[in-house]
Structures are given as C-alpha cells and as structure tokens.
Amino acid sequence: MSTKADVVVIGAGPYGLAAAAQLRRAGREVHVLGEPMSFWERHMPRGMLLRSPWGGSSIGDMRAGPTLDDFERTRPAGIARPIPLAEFVAYGRWFRERTVPQVDARHVETVDPAPSGYRLRLVDGETMECVRLVVAAGIAAFASRPREFDGLPAELASHSSEHTDLARFAGRHVVVVGGGQSALESAALLKEHGADVEVIMRAPRLRWVGRATRAGWLGHLLFHRTDVGPAGLSQLVARPALLRRLPRALMDRAHRRSLVAGAALWLRPRVRDLPVSAGRRVVEATRANGHLRLRLDDGATRDVDHVLLATGYRVDVARYSFLSPATLAAVRRIDGYPVLDGGMQSTAPGLHFLGAPAAYSFGPLVRFVAGTEFAARALARSIAERPRATAEPALEVGRAERAG
Ligand SMILES: Cc1cc2nc3c(=O)[nH]c(=O)nc-3n(C[C@H](O)[C@H](O)[C@H](O)COP(=O)(O)OP(=O)(O)OC[C@H]3O[C@@H](n4cnc5c(N)ncnc54)[C@H](O)[C@@H]3O)c2cc1C
C-alpha cells in the first residue's frame, strides 16, 4: 500500500512536534512519523534534570503554546526547577496530544528522491510519497565514541545514550569519560546509585556554567531567557536569523564559545567528592580478566568494570541511515551539516532539516529545545509561501495511529 502526503515530518521529538504544530496552524496537512519523545525517554538517564532553564524549555511557538507554563498549571504540585526529565517527557506528550493529534509511530527505513518529491519506505514495507520532507530525527544517530574503545563489548564500554537506568552499575567500578553536563550528571547519578565512580576528562579543569547571575536588569540584558551561550553572546545566539548574516568566522566563533563543554552549577555539590582526572586522555582500553584496563596518556592505568562514554554527538547527516545515497547526493554538506536556506531547506529541493543538523546554518540555539520556536516558524513561513501540492489526492493517513 502507498500513501501520499503534502508534508511529511520524520521525528516526533520537540522539533518534529513543534514543526507539525506550526504547519497545522498554517493550514497545512502534515504526516508525522516517529515515536513521540522517544530519545528523551530511552536515551537519557532516569533521574536526570534538564540543563536548559525554564525559559528555554517550552516547545514551539510561545505565543501559540501550549507552553511549559500552561503545562505547569495542570500539575497540582507544580514542577521542580531544574526541570526533572520525567516532567519534560510528560510535557512533550501533553503538547503532542494538543497540537498533533495523529502521529504515526512507524520507523522510516529509506528515503529516496521521487519525481515530485520523496518516496519513503517504512518499517512494515509500506511506502509513502510526499512533496516536502522535514527531517527532525534528532542526534541519536550521531553518538560519538573515541576510537580507543572500538571493538569492546557493550558490557565493558557503552555510550551514555545507551542507558536509561544507571542503577544497574551499583557496586561496580565505573569510569566516566567526558567533562560536560552529560558526563558529570551521569557520574552524580552513578554515585547516588552506589557505583564507585571516577571521571576522566581531556579539559584541564571542570567548567561550571551559571556562575554569572541571570537575575536583575543586568542579568536580563546579558542573558536571553533561552540561556544558550555566555553573557552577551546569549542575546545574539537567541536570534539565529541575525546570527546567520554574520561572516562565517564570527559565526563559527559564536558557536564554539557557546558550546564549550561545561556542567550546570547546581550539579557541583553532587560531584564534590568524586575523583576527577582532568587534563587526561585514555589512550588504550583492553580487556583484562573480564575487566577493562585503561591506560592514560600519563602512563597510569585503571582496572574498571565499565567505561561510560559521555563523549557527545557529532553531527553528520550521512549517518541518518534512512537517507539513501541518491537523496544525500543532492544535499550540500559542510563538516556533516547540511547547508540550509532561511526556511531550513537544504540544497535538495523540498528537503528540510531541523534540530542539531541546522546548527551550521543557524548557530547553537537549534541544538536545544529553545530553538524549536524559531525553527518551526521559519519552516512554516517558508512552506506556506510555496504552493500546496495539487496533483495528489488529499492526505490519506493510512495506518496512522494515535500515539499514546
Ligand atoms: C543527555 C542529554 C541531555 C540533554 N538535555 C537537554 C536540555 O536540558 N535541554 C535541551 O534543550 N536540550 C537537551 N539535550 C539536547 C536534546 O537532545 C535536543 O534538544 C532535542 O532532543 C532535540 O529534539 P529533536 O526533536 O531534534 O530530536 P529528538 O528529541 O531526538 O527526536 C527525534 C525523533 O526522531 C524520531 N526518529 C529518528 N529516526 C527516525 C526514523 N528513521 N523514522 C522515524 N522516526 C525517527 C525519533 O523517534 C524521535 O521521535 C540533551 C541531550 C542529551 C543527550
């Protein structure tokens, strides 16, 4: 069976949902594929608190809502700050119910160019054609593992994105590699679950974010409510349409300065007693009697039960396995990022990218939930300007399921 749609969105995380909500408000029919909030539910540790502030954690258009404030009004006990992961997932699902009533949870296996757009093959073999395709598939495919850990089995070395339940490491000796929020928060959770933890990081020292006050008139002047980037720069980063007009070198600098690895200040008391080897690199990891032996660049060794790689994500849209070589061939890319126009459209006509892959063209804001408002509006404006697909039958939702 084959269905046809005007706009298809791949992804039902914050970006896909925000885009679909905005397009529906603009009167476009949209077919959304993907499991709602699955990355937050299945690739982040239970008990995690969001690093992004309240003002940067609403999904989509703040004027149209529903915002995090609207959601909080439905919670008799309110929502803690920093925002607990479970509350954010609940907000995402609530947002979805109110704005995108039908989501088709099926996985997309392949995307190929078609005479009037794109042809998608879904996990159950069904095909679907659309004129415009919005890829909002997140960062799960971009998990980055240092080469030193290649070939090790999952029980000895794993990426942080592979875990939701860190309690399974209770009583074990775990090294966390990395010095950012994910590393430090994972280390804190591991310790609280009773693991024996050490952090090994390349940077010379831990960097705490949030030292400067965001309160008062000066705080508001220096930090946009989205709070991405250091004092002052935060205001520019919050305006991606302006940022993208800057010379490339300046934009790259803004990007780098905004994404320096660091952890939120509120984590500090939770990791105070943890051993941290800063300025060190693991140069070799080998199996030794069912354990893992790590050799550091200063010659020291550690025998551990497990190494947790909180080593981040490296955008490369060629790692979206569903994009066929023919589809990718039409997408101009720089360092793995697609080059996008003001409507988030790549050089492949009708193929748009949202979320982290848009960061080369729009700066660091679009790596975070805070960028969903800008991205959804830019996308909807650009698609609304283009004529609706005509030669096709009205959208058939086929086997679309209500996601629950
Ligand atoms: C540990 C950690 C903590 C973070 N904390 C924060 C934070 O506090 N604040 C913040 O703003 N950001 C945070 N981030 C960044 C966060 O990942 C992004 O802000 C957010 O997930 C971007 O949303 P998205 O919609 O682009 O992607 P996702 O939320 O990852 O959604 C991707 C969607 O695509 C779907 N999908 C993927 N491939 C396919 C396919 N082939 N077929 C069908 N569907 C598919 C998935 O099912 C999912 O629905 C954190 C990231 C990590 C790793």
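Trainee: Which residue follows helix 5, and what is its phi?
Mentor: Helix 5 is followed by Gly 194, and the phi there is positive, near 95°. Keep in mind that this is a predicted model.

Trainee: How long is helix 5?
Mentor: Helix 5 covers residues 181-192, which is 12 residues. From its first C-alpha to its last it reaches 16 Å, close to the 16 Å expected at 1.5 Å a residue.

Trainee: Take Ser 186. Which residues does it touch?
Mentor: Ser 186 lies in helix 5. Leaving aside residues up to four places away in sequence, Ser 186 touches Pro 45, Ser 160, Leu 166, Val 176, Leu 308 and Ala 310. Ser 186 counts as buried, with 26 C-beta neighbours inside 10 Å. The cut-off for buried is 20 or more.

Trainee: And how far is Ser 186 from His 306?
Mentor: Their C-alpha atoms are separated by 13 Å, although Ser 186 and His 306 are 120 residues apart along the chain.

Trainee: Zooming out, how many helices and strands are there?
Mentor: The protein has 13 helices and 18 strands. Its radius of gyration is 22 Å, close to the 22 Å that the globule rule gives for 404 residues, so the protein is as compact as a globular protein of that length. The C-alpha atoms fill a box of roughly 65 × 55 × 50 Å along the principal axes.

Trainee: What share of the residues is buried?
Mentor: Buried residues make up 42% of the 404. As for contacts with a separation of 6 or more, 66% of them are between residues 24 or more positions apart.

Trainee: What are the domains?
Mentor: The domain assignment gives domain 1 as 2-142 + 315-385, domain 2 as 147-207 + 261-309 and domain 3 as 208-258. The C-alpha centres of domain 2 and domain 3 lie 30 Å apart. Their contact takes 7 residues from domain 2 and 4 residues from domain 3. On the domain 2 side, the residues touching domain 3 are 4 nonpolar, 1 polar and 2 charged.

Trainee: Now the ligand. Which residues come nearest?
Mentor: Of the 30 residues around the ligand, Gly 13, Gly 34, Phe 39, Gly 138 and Gly 355 come nearest. Helix 1 (14-25) and helix 2 (38-42) each supply at least two residues of that shell.

Trainee: How does the shell divide by class?
Mentor: The shell around the ligand has 18 nonpolar, 10 polar and 2 charged residues.

Trainee: Then what is the phi of Met 37?
Mentor: The phi of Met 37 is near 60°, a positive value in a residue other than glycine. Met 37 is in the loop between strand 2 (30-33) and helix 2, and is buried, with 22 other C-beta atoms within 10 Å.

Trainee: What about Met 344, positive or negative phi?
Mentor: Met 344 has a positive phi of about 65°, although it is not a glycine. Met 344 is in the loop between strand 17 (337-338) and strand 18 (351-353). Met 344 counts as buried, with 31 C-beta neighbours inside 10 Å.

Trainee: Last one: where is Asp 104?
Mentor: Asp 104 is in the loop between helix 4 and strand 3 (108-114). Asp 104 is buried, with 24 other C-beta atoms within 10 Å.

Notes. Residues are numbered from 1 along each chain as its sequence is written. This is a predicted model: local features need pLDDT of at least 70, side-chain atom pairs count only at pLDDT 80 or more; totals for chains, interfaces and linings use all residues. Helices (H or I, at least four residues) and strands (E, at least two) are DSSP runs, numbered from the N terminus. The radius of gyration is taken over C-alpha atoms; the globule rule is 2.2 Å times the number of residues to the power 0.38. A residue is buried if 20 or more other C-beta atoms lie within 10 Å of its own, exposed if 12 or fewer, and partly exposed in between; C-beta atoms are placed from the backbone. Two residues are in contact if their C-beta atoms, placed from the backbone, lie within 7 Å. A residue is near a molecule or strand if its C-beta atom, placed from the backbone, lies within 6 Å of it. Ala, Val, Leu, Ile, Met, Phe, Trp, Tyr, Cys and Pro count as nonpolar, Asp, Glu, Lys and Arg as charged, and the others, Gly among them, as polar. Domain bounds come from an automatic or database domain assignment. The expected span of a helix is 1.5 Å times one less than its number of residues.
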